[in-house]
Amino acid sequence: MSAPHSYFCPCPRGLEIALAEELNEIAALHGSGNTLKVHLQVPGGVHCSGTLQDAYRINLHSRIASRVLMRMAHASYTTENDIYDLTLAQPWEDWFAVHHTIRIDVTAIKSPLRSLEFTTLKIKDAICDRFRDIYNERPSVDTKMPDMRIVGFLDARNFTVYLDTSGEALFKRGWRMETGDAPLRENLAAGLLRTSGWKPGMTLFDPMCGSGTILAEAAQMLAGIPPGLHRDFAFEKFAGFSKEEWIAIKSSVKPNALPTEPTIFGSDISGDMVSMTRNNLNKAGIRFEVPLKQIEAQEVKAPSEVPGILLTNPPYGERIGIRGDSTVEADDMAKEFFSALGTTLKQRFAGWQVFLFTADLGLPKLLRLKEARKTPFFNGALECRLFRFDMVAGFNRREQAKPKTDAAE
């Protein structure tokens, strides 16, 4: 068993609590209970610690983390030279070979240093100089498809340097062959499912499913397919990588029994999107029925007798107009669309919880519905909200049955 390491798992902003919960579940469910420890949540991620095998497990099982970064060093700094010296002192050669290609990424919050580009260069120089001192050779830089990613993080006083164990970002599950317009990232979709309270077995409906990201994430959860099952990771190229341990971790995955009745449903206005969703579900290893329909969102009916969760990322602005009438202004089209959708939700989804994820903060007004809760998230740099609407049974009838106040009273 390897010695413990410190890790940082970045995630979309707004999903820190969900990620910490998920990491604790991975520790409890996948044999990491004694070694994987979850520490501080900070904006944009969660700190944890554990063995190298725990990093393998997080990469395999986490639906919410964007990466698993292993901390190599942490110290205070005043100049770029301090950063160079700290990076030079790390035993990079214990982790990867001189023939591996590298890429350096630096992020900073309130750093007094003038140029992040210069800092990035200093980190690269330090790693190359260390290899040159030992082997008389240096690794090459490859910004597109590097073998190893080194990540620097600066705040006002401290510098931390990490080695990325993931490689490609974890939201790249390896199944997405086709994307629709403005697709939702997979780890954000998984975080929205968790935040909505959806659990495998509950009814789920996405009436604007696009390329099917929310459906594919939910269906993999239902089937018990880990998100990292069909992809490669950077740690597989580490010097001390144990293929046997990795195979053992992957083969300990037990798929769930497949459902006999559908509980996950989707639809979209576009036939192309519906077939794209079918292909993506197939590539994601889904071998049970997920009924899909081509229909406009404002025309849908509840797909199941049992009320459940409706979760969707509605199009906004130009995306609404894709199939719309080009003579109508986009704003009018949006008003019309969301007004009709609000009516459909009230009339046909009694007893459901409806979750809409959008960057349009005025959406409840367009729907003419009052949200029960709104949770802030970031989709990249875009500030968004997950609005929850509770569709109370008898919504419409109750409105109509209210006694009229008598003016004479």
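Helix axes are lines fitted to C-alpha atoms, for helices over the stretch in contact, and angles run from 0 to 180 degrees between N-to-C directions. The model is predicted, so that local features need pLDDT of at least 70 and side-chain atom pairs count only at pLDDT 80 or more, while totals for chains, interfaces and linings use all residues. Residues are numbered from 1 along each chain as its sequence is written, and side-chain values use heavy atoms, with hydrogens and water left out.

**View A. Packing of helix α2 against helix α7.** Helix α2 (residues 52–61) packs with helix α7 (residues 243–251) at an angle of about 45°, the two axes being 11 Å apart; helices (H or I, at least four residues) and strands (E, at least two) are DSSP runs, numbered from the N terminus. The two helices are therefore oblique to each other, a class left over once angles under 35 degrees are called roughly parallel, over 145 roughly antiparallel and 65 to 115 roughly perpendicular. On the α2 side Gln53, Tyr56, Arg57 and Leu60 meet Glu245, Trp246, Ile249 and Lys250 of α7, where contact means heavy atoms within 4.5 Å.

**View B. The ring pair of Tyr56 and Trp246.** The structure as a whole holds 17 aromatic pairs, counted for rings of Phe, Tyr and Trp (its six-membered ring) with centres within 6.5 Å, and classed as stacked for planes under 30 degrees apart, edge-to-face over 60 and tilted for the rest. The ring centres of Tyr56 and Trp246 are 5.9 Å apart with planes at 75°, so this pair is edge-to-face. Because Tyr56 belongs to helix α2 and Trp246 to helix α7, the pair ties together parts that are 190 residues apart in sequence. Tyr56 is buried, at a relative accessible area of 1%, and Trp246 counts as buried at 3% (buried is under 20% relative accessible area, exposed over 50% and partly exposed in between, with a 1.4 Å probe and protein chains only). Tyr56 and Trp246 also form one aromatic cluster with Phe233, Phe235 and Phe241.

**View C. Surroundings of Val98.** Val98 lies in the loop between α3 (80–88) and β5 (102–108), and its 16% relative accessibility is why Val98 counts as buried. Neighbours within four places in sequence left aside, Val98 is in contact with Phe131, Glu137, Arg138 and Pro139. The C-alpha atoms of Val98 and Pro139 are separated by 4.8 Å, although these residues are 41 apart along the chain.
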